Amino acid sequence: MQKPITILWDNQAKADLKLIFEFIKLKSPQGAKNVIRDIVVQSKNIHFAK
């Protein structure tokens with residue numbers, strides 16, 4: 001089994017997530033929360049082939 005990989009979010013990635021959140025929040029505050037949560041959760045499911 002592979003060792004888990006730690007995902008590090010740099011400042012640019014964090015800023016991009018914030019921009020995504022702010023844009024979607026204009027139409028749907030709850031939708032914005034859901035999208036950001038989904039992005040973060042899915043980033044933990046990244047698998048790299050050897």
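Predicted model: local features only at pLDDT ≥ 70, side-chain atom pairs only at ≥ 80, totals over all residues.

Me: Is Ile24 buried, partly exposed or exposed?

Reply: Buried means under 20% relative accessible area, exposed means over 50%, and partly exposed lies in between, computed with a 1.4 Å probe on protein chains only. Ile24 has a relative accessible area of 24% and is therefore partly exposed. Its C-alpha atom is separated by 8.5 Å from that of Val35, 11 residues apart along the chain.

Me: How is the span of helix 1 to be judged?

Reply: The expected span of a helix is 1.5 Å times one less than its number of residues. Helix 1 covers residues 11-25, so its 15 residues should span 21 Å; the end C-alpha atoms are 21 Å apart, in agreement with that value.

Me: Which residue caps the N-terminal end of helix 1?

Reply: Asp10 does so, with a side-chain oxygen 3.2 Å from the backbone nitrogen of Gln12.

Me: How many salt bridges does a search of the whole structure find?

Reply: A salt bridge is a side-chain nitrogen of Lys or Arg within 4 Å of a carboxyl oxygen of Asp or Glu. The search finds two. In one, Lys25 pairs with Glu22, and the closest N and O atoms are 3.4 Å apart. Lys25 and Glu22 are three residues apart in helix 1, and so are separated by about one helical turn. Lys25 is partly exposed at 33%, and Glu22 is partly exposed at 32%. Another salt bridge joins the side chains of Asp38 and Arg37, at 3.2 Å from N to O. Asp38 is partly exposed at 39%, as is Arg37 at 46%.

Me: Where does Ile36 lie, and is Ile36 buried or exposed?

Reply: Ile36 lies in helix 2, residues 29-43. With a relative accessible area of 18%, Ile36 is buried.

Me: What space lies in the largest pocket, and which residues lie nearest its centre?

Reply: Rolling a probe the size of a water molecule over the atoms shows where empty space is left. On a 1 Å grid over the protein atoms alone, a pocket is an open set of points where a 1.4 Å probe fits, with protein on both sides within 12 Å along at least five of seven lines; lining residues have an atom within 4 Å of a point. The largest pocket holds about 260 Å³, a volume being the space filled by probe spheres set on the points. Its lining has 10 residues, with Pro4, Ile5, Lys44, Ile46 and His47 nearest the centre.

Note on methods
Residues numbered from 1 in each chain as written. Heavy atoms only, no water. Helix = DSSP H or I, 4+ residues; strand = E, 2+ residues; numbered from the N terminus. Polar contact = N/O pair within 3.5 Å; in protein donor to acceptor, adjacent residues only side chain to side chain.
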